[in-house]
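Please read the report below alongside the sequence and the 3D structure, and follow each named part as it comes up.

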Amino acid sequence: MSSKAKFHAIRGTRDLLPQETALWNHVESTAHDVFGAFGFGEIRVPIFEPTELFARAVGGDTDIVSKEMYTFADRAEEGRDSKIDPSASSLATSVSLRPEATASVCRAYIEHNMQQLPQPVKMYYMGPMFRRERPQKGRYRQFYQIGAEVLGGNDAPAIDAEVIEMVMAFFDKLELPGLELDINSIGHNAPDCRPKYVELLRTELRKVKEQLGPDSQRRIETNPLRVLDSKVESEQGIIASLPHIADHLCEACGAHYAEVKKQLQLRGVIYRENWRLVRGLDYYMRTTFEITAKGLGSQNAVCGGGRYDGLVELLGGPPTKGIGFAIGEDRLILSLQDAGKGAVQQGRDIYIAWMGEHAYASAVRTAKFLRNAGFSVELPPTEQKFGKALERASKLDSRYALILGDNEVSEGVFTLKTLADGTQQKLTEPELLEFLQKL
Ligand code: HAM
């Protein structure tokens with residue numbers, strides 16, 4: 001006998017079962033409503049893209065690209081591709097499951113010449129992303145993001161503020177308590193701005209190198225900004241005394257940051273300035289922000305975002321300003337559940353308890369017309385004894401049992417039983433519909 005090993009979802013992936021997806025659907029439909037109210041339209045981009053797109057956009061040296069992507073070689077299509085492009089015949093292209101969607105949205109902006117649309121173009125998306133991280137609570141290898149991007153020719157601080165206002169309005173609508181919004185500006189890549197600060201930081205860090213752990217020591221040379229991200233307890237005192245980037249921004253970035261803060265105040269958005277907020281993707285400049293929520297343990301960032309002027313250009317498009325964010329939907333759901341806001345799957349409106357062959361034909365017809373009228377109806381496929389039928393009806397959390405036996409069929413009525421209190425009434429078909437529709 002061969003042993004039949006059971007299959008399990010791959011580590012870091014999971015099934016979302018019907019009792020959970022009710023809350024996911026609620027979250028997603030709230031996103032459609034809120035983002036729609038701010039004039040954003042939904043975009044759906046592919047799950048996989050050329051590896052090079054993410055390498056160039058997110059950055060080849062970032063953890064995401066260097067360690068966490070699911071990358072594979074895709075064979076060129078025999079014949080087809082080689083006819084269009086003879087060099088394609090033998091070349092396998094490297095593709096990757098998307099670790100994030102900002103790069104894809106920018107690619108789509110370029111590919112569809114969206115710079116010709118009324119500017120800025122405001123788009124949102126939702127769906128699975130893939131990163132090969134160590135799984136733990138709130139951290140998965142297939143996780144879900146809800147994100148938004150604003151692309152166009154304008155980098156007015158009001159756009160930054162409105163994007164942040166929108167994501168906060170979304171969380172508010174979901175009644176997610178205990179949120180904290182951190183903001184920062186990381187300036188831009190010009191000699192009198194971020195690079196100057198990075199050099200200063202490097203010089204300061206070299207002086208205290210011996211007191212830092214191996215990761216931070218390495219980062220002094222590779223990417224000193226990431227030292228600010230360190231969670232290592234013994235490094236915190238040293239980091240606290242390092243120079244702040246806000247004091248070393250160029251004039252234009254300083255002014256932009258000041259105006260973003262003013263615009264947030266105008267909108268009543270409460271924020272905290274966090275000079276250590278640097279973010280782990282290469283495309284950011286100027287405004288960065290992160291939102292943390294309660295009930296999540298160490299993986300408490302529920303949203304991250306920032307400005308990325310120049311990314312579209314880097315991907316071969318026209319000079320374009322951009323800003324956006326992505327919410328970790330899995331974490332948002334965990335936090336909502338922790339706050340006791342977990343919507344549960346709805347039970348049935350009506351369970352049809354039919355008995356007898358004549359009743360069955362009538363039950364099928366009734367199920368059809370009630371479902372058409374918008375009720376959720378359970379029609380058992382085989383006959384059940386009366387007691388058994390009622391037991392199942394309440395197990396399925398039904399509000400009513402519609403009883404259809406030979407008597408009802410010959411009288412042309414239905415017996416409607418309210419399961420909460422056990423009361424019963426006899427109704428004709430029009431009366432039944434009228435009664436149910438009044439609810
Ligand atoms: P990110 O900070 O890499 O930014 O991810 C955004 C959010 O996705 C995180 O704050 C977190 O809630 C969630 N997330 C990330 N990795 C995981 C994981 N392994 N498991 C569960 N949740 C996770 C971006 O992805 C940028 N594309 C955001 C953006 C859009 N910036 C501008 N526009």
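A polar contact of 2.7 Å joins the side chains of Glu378 and Arg348, where a polar contact is a pair of N or O atoms within 3.5 Å, and within protein one atom must be able to donate a hydrogen and the other to accept it, while residues adjacent in sequence count only if both atoms are side-chain atoms. This is a predicted model, in which local features need pLDDT of at least 70 and side-chain atom pairs count only at pLDDT 80 or more, whereas totals for chains, interfaces and linings use all residues. Residues are numbered from 1 along each chain as its sequence is written, and side-chain values use heavy atoms, with hydrogens and water left out.

**Around Glu378 and its sheet**

Glu378 belongs to strand β13, which covers residues 377-378; helices (H or I, at least four residues) and strands (E, at least two) are DSSP runs, numbered from the N terminus. When its neighbours within four places in sequence are left aside, Glu378 is in contact with Arg348, Ile350, Tyr351, Ile352, Arg371, Arg392 and Leu396, contact meaning heavy atoms within 4.5 Å.

Strand β13 is part of an open sheet of 5 strands with the order β13-β12-β14-β15-β16 and mixed pairing, and two strands are said to pair if DSSP finds at least two bridges between them. The edge strands are β13 and β16 (424-427), each of which pairs on one side only. Strand β12 (residues 350-354) is joined to β13 by 2 bridges, and the two run parallel; in β13, Val377 is the bridge partner of Ile350. Helix α16 (residues 429-438) packs on this sheet, where it touches β12, β14 (400-404), β15 (414-418) and β16, and its direction makes about 130° with that of β16. For such angles, axes are lines fitted to C-alpha atoms, for helices over the stretch in contact, and the angles run from 0 to 180 degrees between N-to-C directions.

In general, strands of a sheet pair through backbone hydrogen bonds, either parallel or antiparallel. Another open sheet has 3 strands in the order β2-β4-β3, and its pairing is antiparallel. Because β2 (48-50) and β3 (71-74) stand at the edges with a single partner strand each, one side of each is left without a neighbour in the sheet. From one strand to the next, the twist averages 40°. Between β3 and strand β4 (residues 93-97), which run antiparallel, there are 4 bridges, and Thr71 has Ser96 in β4 as its bridge partner. Helix α2 (residues 51-58) lies across β2, β3 and β4, and runs at about 80° to β2.

**The ligand and its surroundings**

| Residue and atom | Ligand atom | Distance |
|---|---|---|
| Glu133, polar side-chain atom | nitrogen | 2.7 Å |
| Glu149, polar side-chain atom | nitrogen | 2.8 Å |
| Gly328, backbone N or O atom | oxygen | 3.3 Å |

Taken alone, the ligand exposes 660 Å², of which the protein buries 96%; accessible areas come from the Shrake-Rupley method with a 1.4 Å probe.

**Notes on the backbone**

Gln119 and Pro120 are joined by a cis peptide bond, with omega about -10°, and Pro120 is placed in the loop between α5 (102-111) and β5 (121-130). Glu175, in the loop between α6 (157-173) and β7 (180-185), has a phi near 55°, a positive value in a residue other than glycine. Arg286, which lies in strand β9 (residues 285-292), likewise has a positive phi, near 50°.
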